[in-house]
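Reader: I am new to this structure and would like to go through it by questions. Please show it first.

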Amino acid sequence: MKVLMLLDHVFPPDTRVENEIKSLAEAGHEVHIACFHKEGEPLVEKTHYCTICRNPISKFMYKASVGVLKFPFYFNYWRSIVDVLFANEKYDVVHVHDLPLAKVGYEAKCKYGVHFVLDLHENWPVLLQLSKHTNTFLGKLLSSNDQWVRYEREMCGLADKVIVVVDEAKARVCGLGVEPEKVKVVSNTLNLDQFDPIERKEFKTDKFRMLYVGGINYHRGIQYVIQAISLLKKKGVEVHFDLVGDGSYLGDIRRLINELRVQDNVTVHGFKHYTQICDIYEAANVALIPHVKSGHTDNTIPHKIFQYLYAGIPMIVSNCDPLVRIVNETRGGESYRFDHPEELAEIVARLYSHPEQLNNYVLHGRQAVIDKYNWKVDGAKLVGLYEGLA
């Protein structure tokens, strides 16, 4: 089949989308992807696995996306892109990544007689509800959470297939009234062909090193990690936290580090590509995913959890439902209540005193990724979904 994917950001990079395209192409499907144009990139690019159709977008049009359910500008922009592509190609499937463009995908289904696949990476209504830009005065005028909830329910019902990233998200979507057989879990697992595991040596016990890699905003929960470090310092536990990433909340985190006087225990590295932080990975005793528990984080899963498990780094995660389930199932680490830094400090202090426990987490976590939580398994699920459409 010939597949048209709609993605409302630049491409590449996007690990999940890249994995999906590769699996579909290797199964014999032809994939085209429409996305935004980035300066310096060709408007049309043919790669080994797909054809990328890039489209220029103005700042006004991009910002209009937040109010798309009240004002049609953004939908009209994408409708014209889809019409041009269908004028030149005959597609069998429109595969929409995330909720905002679902209406455009459904309209293509009706207009051109194609299948419509809705790929939900996130719980979009809750994500918008928590986002900083939708909580401003203008944001609240442009974006109504009730509208997004109704829109999601309607679009999931109209799609031929709905893809979600975790079991918890499937339960949530089915709770909207969508038939369970229409919803498929294709998770954000690791492509083992593209990731080399770290040859783990003995864990260093002179200073317990914790690692976080990712975006930095309030909902990532870094503030509670800093508070836990302060508690550990008072107990005389030698810890060091490598904070790799950037984001809107980084200034607040820096102020908290200074306020709690843990500057010597935290290194803020800023954004770095994975290839630049291999030594930090190798030095880590544990990796943290400290996300604030919410309707969003209870219905998605970060790709990095599988990276950490396969890299042989024990996990400490907050009590978001998918994180706890996977860490418990894989026996790859431990969990704590996200807003209880004393619980996090207690776990770290215990592992600091008993580092032999870390080796068990490494063994079980890596094996679980090899056996189950990898893209070979999830890619097969995606291909099976397309075979069902055919």
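Reader: How many cavities of 30 Å³ or more does a search of the whole structure find?
Author: This is a predicted model, in which local features need pLDDT of at least 70, side-chain atom pairs count only at pLDDT 80 or more, and totals for chains, interfaces and linings use all residues. Residues are numbered from 1 along each chain as its sequence is written, and side-chain values use heavy atoms, with hydrogens and water left out. On a 1 Å grid over the protein atoms alone, a cavity is a set of points where a 1.4 Å probe fits but cannot get out, while a pocket is an open set with protein on both sides within 12 Å along at least five of seven lines. The search of the whole structure gives 1 cavity.

Reader: What lines the largest cavity, and how much space lies in it?
Author: Lining residues have an atom within 4 Å of a point, and here they are Leu120, His121, Glu122, Asn123, Val164, Val165, Ala169, Arg172 and Asn299. A volume is the space filled by probe spheres set on the points, which are joined across faces, edges and corners. For the largest cavity that space is about 30 Å³.

Reader: How do the residues of that lining divide by class?
Author: Ala, Val, Leu, Ile, Met, Phe, Trp, Tyr, Cys and Pro count as nonpolar, Asp, Glu, Lys and Arg as charged, and the others, Gly among them, as polar. The lining of the largest cavity divides into 4 nonpolar, 3 polar and 2 charged.

Reader: Which helix supplies the largest share of the lining of the second largest pocket?
Author: About 240 Å³ of space lies in this pocket, and its lining includes Lys22, Glu26, Asp193, Trp375 and Val383. Helices (H or I, at least four residues) and strands (E, at least two) are DSSP runs, numbered from the N terminus. Helix 1 (15-26) and helix 16 (375-389) each give at least two residues to the lining. The largest share, 5 residues, belongs to helix 16.

Reader: Why are helix 3 and helix 4 called oblique to each other?
Author: Axes are lines fitted to C-alpha atoms, for helices over the stretch in contact, and angles run from 0 to 180 degrees between N-to-C directions. The axes of helix 3 (residues 73-88) and helix 4 (residues 102-112) come within 10 Å and cross at roughly 40°. Angles under 35 degrees count as roughly parallel, over 145 as roughly antiparallel, 65 to 115 as roughly perpendicular and the rest as oblique. The pair is therefore oblique.

Reader: Where do helix 9 and helix 14 cross, in terms of angle, and what is the make-up of their contact?
Author: The axes of helix 9 (residues 222-235) and helix 14 (residues 341-353) come within 8 Å and cross at roughly 55°. Contact means heavy atoms within 4.5 Å, and among the residues that make it are Tyr224 and Leu231 of helix 9 and Pro341 and Val348 of helix 14. By class, the contact has 10 nonpolar, 1 polar and 1 charged.

Reader: Which residue does a cis peptide bond join to Phe11?
Author: The residue is found in the loop between strand 1 (2-10) and helix 1. Omega of the bond is about -15°, and the partner of Phe11 is Pro12.

Reader: Which residue other than glycine has phi near 55°?
Author: The residue lies in the loop between helix 10 (250-259) and strand 11 (266-270). The positive phi belongs to Arg261.
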